[in-house]
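Here is a short briefing on one chain.

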Amino acid sequence: MRILIAHDAAAGAGGVESYLAALMPALETRGHDVAFLCTPSRAQEGPTRLDRTTRVFSVDDSGLAPVIDTVRAWRPDVCFSHNMRPLEVEEQLVSVCPVVKMMHGYFGTCVSGQKAHTFPKVQPCSREFGLPCLGLYLPRRCGQLRPALMLGQFGWASRQQRLFPRYAHVVVASHHMSREYARHGVSAERITTAPLFPTTGSTEAVRIPPVEPTVLFLGRMTAIKGGDILVRAAAHASRLLRKPLRLVYAGNGPAESSWRELAMQLEVHATFHGWVAGDARTALLRGASLIALPSLWPEPFGLVGLEAAVHGVPAVAFDVGGIGDWLRDDVNGRLVGEVGSWRGLGAAIAQVLSGPLDLARLGNGAVRVASELTLRLHLQTVEGVLARAAGVAGSYA
């Protein structure tokens with residue numbers, strides 16, 4: 001097939017960039033002709049570059065109309081589109097070829113995109129997107145306290161939702177996301193769940209766990225990520241275990257200073273590394289006893305937990321969003337049912353760290369689950385969707 005990949009970045013450090021950096025060369029290896037359309041200039045900087053393929057079209061470098069003319073002349077069989085803030089790009093692409101859209105977040109189903117309230121406490125939002133959301137946005141702190149921004153976000157989400165019927169198909173990474181888009185008007189036969197895969201390499205079962213129990217948090221430091229809940233949970237787990245444990249935070253964000261202060265108040269041994277990548281990231285993953293995902297918002301998937309599993313590191317998380325698609329309770333970690341409960345999260349951490357045999361069993365389970373969710377399996381699913389959208393005969397395995 002002749003496949004156009006569309007994304008609103010030419011380079012970056014996010015999970016979508018890592019995903020596409022693995023997907024595009026794999027599609028080329030399997031015999032597909034792949035081109036890449038990005039919105040920013042190819043001069044955009046970032047650790048993961050996505051313009052390595054033969055044909056690259058940049059909207060900022062050439063202009064939207066010339067890029068669309070060039071894409072039309074290239075005659076793609078199908079477009080596989082990912083994050084796209086400038087919606088006018090997709091509004092043009094759907095007239096060129098069938099567009100299969102992969103939703104990596106709550107685009108078109110939430111004003112702010114975080115699908116969570118933050119006042120009076122952080123909790124997932126289960127509402128269907130619509131005008132009533134405007135009445136809750138400011139009182140429930142669904143985003144920033146800026147009315148103009150709220151209206152702009154609402155307009156963008158409404159415009160994104162109007163594109164739903166024009167997509168040939170929608171791909172999501174979890175069953176939770178499938179249900180979310182189904183209740184926003186995308187019919188079940190037009191949604192496919194394709195679980196993500198670790199982008200950090202092959203599974204490694206042999207690992208020497210740290211002597212000091214170490215719990216790793218890796219991600220953006222915002223209220224919806226639950227880092228403060230993790231500090232309280234670590235203090236509770238330490239009391240249950242009757243020994244100290246170490247918290248390691250990798251990432252940054254506006255909540256970092258308050259998490260630091262809380263750790264000092266509760267006398268929790270916590271270190272903060274800032275953003276890490278490459279070998280430094282791998283070293284932190286392999287040096288952890290377990291990884292914690294204390295997210296209070298419904299994570300679309302929670303890929304970082306699966307990437308830790310590659311190294312035999314089990315996970316502890318709240319059972320929210322798509323996390324339950326890969327985190328199987330008492331197989332590769334622990335799922336906590338009461339979202340936001342630091343006591344529940346702390347008890348789960350203590351259970352995992354209570355003995356080397358149980359920790360080893362869950363670590364082996366983590367490797368096993370990570371080895372099941374592979375790039376090959378993901379490609380099989382995606383290729384089938386793209387082929388059906390393009391009307392191309394053939395089977396993919």
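**Salt bridges and overall fold**

Arg183 counts as partly exposed because its relative accessibility is 32%. Its salt-bridge partner is Glu180, with the closest N and O atoms 3.2 Å apart. Glu180 counts as buried, at 5% relative accessibility. The model is predicted.

**Other salt bridges**

- The whole structure holds 16 salt bridges.
- Arg281 and Glu307 form one of them, with the closest N and O atoms 3.0 Å apart.
- That pair links distant parts of the chain: Arg281 sits in helix α10 (residues 278-286) and Glu307 in helix α11 (residues 303-309), 26 residues apart.
- Both Arg281 and Glu307 are buried.
- Arg334 bridges to Asp330, the closest N and O atoms being 3.3 Å apart.
- Asp330 is partly exposed, with a relative accessible area of 35%.
- A network of salt bridges links Asp329, Asp330, Arg334, Asp358 and Arg361.

**Charge and surface**

- The chain carries 40 positive and 33 negative side chains.
- The centres of these two sets lie 4 Å apart.

**Fold and packing**

- The chain has 14 helices and 17 strands.
- Its radius of gyration is 21 Å, which agrees with the value near 21 Å for a compact globule of 397 residues.
- Along the principal axes, the C-alpha atoms fill a box of roughly 70 × 50 × 40 Å.
- Of the 397 residues, 54% are buried.
- Among contacts with a separation of 6 or more, 67% join residues 24 or more positions apart.

Definitions and conventions
Residues are numbered from 1 along each chain as its sequence is written. This is a predicted model: local features need pLDDT of at least 70, side-chain atom pairs count only at pLDDT 80 or more; totals for chains, interfaces and linings use all residues. Side-chain values use heavy atoms; hydrogens and water are left out. Helices (H or I, at least four residues) and strands (E, at least two) are DSSP runs, numbered from the N terminus. The radius of gyration is taken over C-alpha atoms; the globule rule is 2.2 Å times the number of residues to the power 0.38. Buried means under 20% relative accessible area, exposed over 50%, partly exposed in between (1.4 Å probe, protein chains only). Contact means heavy atoms within 4.5 Å. Lys and Arg count as positive and Asp and Glu as negative; His and the chain ends are not counted. The place of a charge is taken as NZ of Lys, CZ of Arg, CG of Asp or CD of Glu. A salt bridge is a side-chain nitrogen of Lys or Arg within 4 Å of a carboxyl oxygen of Asp or Glu.
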